[in-house]
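Welcome! Here is a short tour of one protein model, written for someone meeting it for the first time. Please keep the picture at hand as you read.

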Amino acid sequence: MALQQQQILKEEIISLKDRYGRSPCLAVIMVGTDQASQVYVRNKERVCQRIGIQSKTYLYDDIEEEALILLIQALNEDDHVDGILIEMPLPKHIKTQRVLETIDSRKDVDGFHPDNIAHLFLGEPGLRPCTPEGMMVMLDNIGYSLEGKEVVVVGRSHIVGKPVALMALNRHATVTICHSRTKNLKEVCQRADVLIVAVGKAKLITASYVKEGAVVLDVGINRDEEGKLCGDVDFEEVQKKAAYITPVPGGVGALTVTMLMKNTIEAYKMKGETSWIID
Ligand code: NAP
């Protein structure tokens, strides 16, 4: 599904380039030496290259907060940068929220800026967080409407749980959000037509949590006892009951990067259409 979506974006970029005279450009900043984050950054560069988005990567083993703020301000001012992404997590000495709020909300391709969160809250157009948006695209792709459905989201993070719950609500689902202090998690999950799990605990959700015929979207990325990548859902067992289930790897995660590309194109188009920056 991700490759198919990327092909659509690639074709759109070709025609946009004809119209606006240049390709969209994504700037990615990473601070630290976390190996998983380095892999994610390289993967973003590869996808950019594949579909025709220019990428600029800024890698720092460490950087002072003020220097990072200055870099973001410079990228905000740069007419040829459409999207700015900060790879998370940032080192502890840097205030993450301050950094995220420094990004011009029109270039906030991760959708974490308070302005974009407000747009999501109000159901207005705006740049949406990538992982939740990827799940909506996934449901659209299988022709599944959320209207009137019971959606249970396990996890209430700012980047996945809360925004995906809002998106489901905006699509007229009845939404329940669970977290570490939820009582009777199993009983709540059992009533879900759509179960979205974003916790970070390998195989937390077993078959007994899942209603026959449910749609199960597994966001978790964990290592099992053999060191293999796995989700928060026991895929082998749950797939026997679910009408639709996403694997890990290759499910929700694969679409997250594609949604980042989509947001970069959206940011580029907004700029072109409103001329808030003249190329
Ligand atoms: P997070 O910020 O650590 O939040 C985890 C959430 O799970 C919290 O709300 C926590 O509750 C809840 N939780 C913890 N233990 C629980 C339990 N036993 N029962 C019910 N809820 C429980 O995590 P995140 O950033 O949302 O990420 C979640 C997972 O998704 C991670 O594995 C991450 O790597 C993965 N992820 C994948 C993608 C992708 O593209 N596929 C993107 C982002 C994240 P409290 O709020 O009460 O602490």
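A polar contact is a pair of N or O atoms within 3.5 Å; within protein, one atom must be able to donate a hydrogen and the other to accept it, and residues adjacent in sequence count only if both atoms are side-chain atoms. Asn-76 sits in helix H3 (residues 65–77); helices (H or I, at least four residues) and strands (E, at least two) are DSSP runs, numbered from the N terminus. With 12% relative accessibility, Asn-76 counts as buried. Here buried means under 20% relative accessible area, exposed means over 50%, and partly exposed lies in between (1.4 Å probe, protein chains only).

A word on the ground rules. This is a predicted model, in which local features need pLDDT of at least 70 and side-chain atom pairs count only at pLDDT 80 or more, while totals for chains, interfaces and linings use all residues. Residues are numbered from 1 along each chain as its sequence is written, and side-chain values use heavy atoms, with hydrogens and water left out.

**Around the ligand**

Which residues come nearest to the ligand? Of the 20 residues around the ligand, these are Arg-156, Ser-157, Ser-180, Ile-221 and Thr-256; a residue is near a molecule if one of its heavy atoms lies within 4 Å of it. The shell divides into eight nonpolar, ten polar and two charged residues. In this sorting, Ala, Val, Leu, Ile, Met, Phe, Trp, Tyr, Cys and Pro count as nonpolar, Asp, Glu, Lys and Arg as charged, and the others, Gly among them, as polar.

Thr-131 places a polar side-chain atom 3.4 Å from an oxygen atom of the ligand. The backbone takes part too: a polar backbone atom of His-179 is 3.5 Å from a ligand nitrogen, and one of Val-219 is 3.4 Å from a ligand oxygen. Taken alone, the ligand exposes 930 Å², and the protein buries 70% of that. Accessible areas come from the Shrake-Rupley method with a 1.4 Å probe; for residues, only the protein chains shown count as cover.

**Salt bridges**

Side chains of opposite charge can pair when their charged atoms come close. A salt bridge is a side-chain nitrogen of Lys or Arg within 4 Å of a carboxyl oxygen of Asp or Glu, and by this rule the count comes to 15. The table shows some of them.

| Pair | N to O distance |
|---|---|
| Glu-65 and Lys-95 | 3.4 Å |
| Glu-65 and Arg-98 | 2.7 Å |
| Glu-266 and Lys-269 | 3.5 Å |

Glu-65 lies in helix H3 and Lys-95 in the loop between E3 and H4, so their pair ties together parts that are 30 residues apart in sequence. Glu-65 is buried, at 8% relative accessible area, whereas Lys-95 is exposed, at 53%. The bridge to Arg-98 also links distant parts of the chain, from helix H3 to helix H4, 33 residues apart. Arg-98 is partly exposed, with 32% relative accessibility.

Glu-266 and Lys-269 are both in helix H10, three residues apart, or about one turn of the helix. Glu-266 is partly exposed, at 32%, while Lys-269 is buried, at 17%. Elsewhere, salt bridges that share partners join Glu-65, Glu-66, Lys-95 and Arg-98 into one network.

Most residues other than glycine have a negative phi, and most peptide bonds are trans. Where is the peptide bond cis, with omega near 0°? One place is from Met-88 to Pro-89, and Pro-89 is in the loop between strand E3 (83–86) and helix H4 (96–102). Another cis peptide bond joins Val-248 and Pro-249, with omega about 0°. Pro-249 belongs to the loop between strand E10 (244–245) and helix H10 (252–274).

Asn-184 is not a glycine, yet has a positive phi of about 55°. Asn-184 is in the loop between strand E5 (174–178) and helix H8 (185–190) and is exposed, at 53% relative accessibility. Lys-203 has a positive phi as well, near 50°. Lys-203 lies in the loop between strand E6 (194–197) and strand E7 (215–218) and is partly exposed, at 37%.
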